[in-house]
Amino acid sequence: FPGGRLDPEDEDPENGTCCRGYNAPWARERFRESEERAGRLLGLHLAALRETFEESGVLLAVGGDGGPVMNLGGDVSDRLAECRVAVHNRTLTLLNLIRTEGWFLALDALAPYARWITPEAEPRRFDTRFFLARLPQGAQAVHDRVELTESVWLAPADALARHRQGDLPLLPPTFRTLEELAGHQNVEGLWAWVREREIRPIMPEVFMDGPRLGLRLPGHPDYSPAGFRRPAAAEEPIQILLDGSVWRSVWS
């Protein structure tokens with residue numbers, strides 16, 4: 001779950017020359033974006049790739065032959081480690097790295113997954129797109145020791161079990177994403193499902209259930225924010241409750 005912000009340079013229309021596998025109409029349809037915002041949508045993909053490289057050291061890019069650069073090994077691995085620090089420190093841009101090496105960012109390595117908007121009650125708000133990506137064969141994610149001081153690779157069900165035990169704090173979007181991922185047996189089935197499912201924006205509504213904090217989701221009968229209400233699908237909870245430090249989904 002690396003995360004970050006959209007930078008102005010991410011929206012440069014020239015960035016498209018450094019990318020492969022980008023299906024702009026499909027991406028617009030998935031995230032319900034207008035054609036006028038095409039540059040912003042491309043920028044969101046690039047921001048996801050940049051932050052993934054900065055925070056986990058995984059570069060979703062391919063060489064001229066179409067093979068993942070993470071598989072090149074040797075001197076390339078050493079250069080990537082150095083460049084990761086430079087990109088993080090803003091002394092090098094990811095696009096300049098890609099152009100210098102003659103590589104291409106693999107935008108088809110990303111699958112649009114979800115869009116979460118911070119509740120109106122929060123003083124600081126975000127409008128965030130989530131993507132899924134497969135880890136390239138042989139690649140290893142390593143935290144950057146700056147923004148991230150520890151990392152762990154877990155199956156979704158194991159992460160949820162640790163959350164229920166109280167030793168893995170999760171934010172609501174992360175919690176719900178893990179619940180959804182845990183419902184799939186393998187990456188192939190998950191990938192096929194994600195590429196077909198409808199993405200609808202989720203803006204939780206804060207409420208109190210006695211002493212407990214709760215979040216109503218758009219399918220809840222008492223959910224009030226205009227423009228986000230919708231009937232709940234069978235596989236979607238209608239609210240999330242916080243029991244102590246543990247989130248719990250409620251379907252009815």
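The following legends describe close-up views of a predicted model. Local features are reported at pLDDT of at least 70 and side-chain atom pairs only at pLDDT 80 or more, whereas totals for chains, interfaces and linings use all residues. Residues are numbered from 1 along each chain as its sequence is written, and side-chain values use heavy atoms, with hydrogens and water left out.

**View A. Helix H2 and the residue that follows it.** Helices (H or I, at least four residues) and strands (E, at least two) are DSSP runs, numbered from the N terminus. Helix H2 comprises the 19 residues 38-56. From first to last C-alpha, H2 reaches 27 Å, close to the expected 27 Å; the expected span is 1.5 Å times one less than the number of residues. Of the 19 residues in H2, 16 are buried (buried: under 20% relative accessible area; exposed: over 50%; partly exposed: in between; 1.4 Å probe, protein chains only). Gly57 follows H2 and has a positive phi, near 80°. The C-alpha atoms of Arg37 and Gly57 are separated by 29 Å, at 20 residues apart along the chain.

**View B. The crossing of helices H1 and H2.** The axes of H1 (residues 24-31) and H2 come within 10 Å and cross at roughly 90°. Axes are lines fitted to C-alpha atoms, for helices over the stretch in contact, with angles from 0 to 180 degrees between N-to-C directions. H1 and H2 are therefore roughly perpendicular (65 to 115 degrees; under 35 counts as roughly parallel, over 145 as roughly antiparallel, and the rest as oblique). In the contact (heavy atoms within 4.5 Å), Ala27, Arg28 and Phe31 of H1 meet Ala38, Leu41 and His45 of H2. By class, this contact holds four nonpolar, one polar and one charged residues; Ala, Val, Leu, Ile, Met, Phe, Trp, Tyr, Cys and Pro count as nonpolar, Asp, Glu, Lys and Arg as charged, and the others, Gly among them, as polar. Arg37 belongs to the loop between H1 and H2 and counts as partly exposed because its relative accessibility is 36%.

**View C. The surroundings of His88.** His88 lies in helix H3, residues 74-88. With a relative accessible area of 16%, His88 is buried. Leaving aside residues up to four places away in sequence, His88 touches Glu54, Asp144, Val146 and Glu147.

View D. Three strands form an open sheet in the order E1-E3-E2, with mixed pairing; two strands pair if DSSP finds at least two bridges between them. The edge strands, each pairing on one side only, are E1 (19-20) and E2 (61-62). E2 is antiparallel to E3 (residues 104-106), with two bridges, and Leu105 in E3 is the bridge partner of Ala61. E4 (residues 110-117) has eight of its eight residues buried. Seven bridges join E4 to E5 (residues 127-133) in the antiparallel sense, and Arg115 has Arg129 in E5 as its bridge partner.

View E. An open sheet with antiparallel pairing has the strand order E6-E7-E8-E9. E6 (205-209) and E9 (246-250) stand at the edges with a single partner strand each, so one side of each lacks a neighbour in the sheet. On average, neighbouring strands of this sheet are turned by 30° against each other, direction ignored. E7 (residues 212-216) and E8 (residues 239-243) pair antiparallel over three bridges; the bridge partner of Gly214 in E8 is Leu241. Helix H6 (residues 172-181) lies across E7, E8 and E9 and runs at about 60° to E9.
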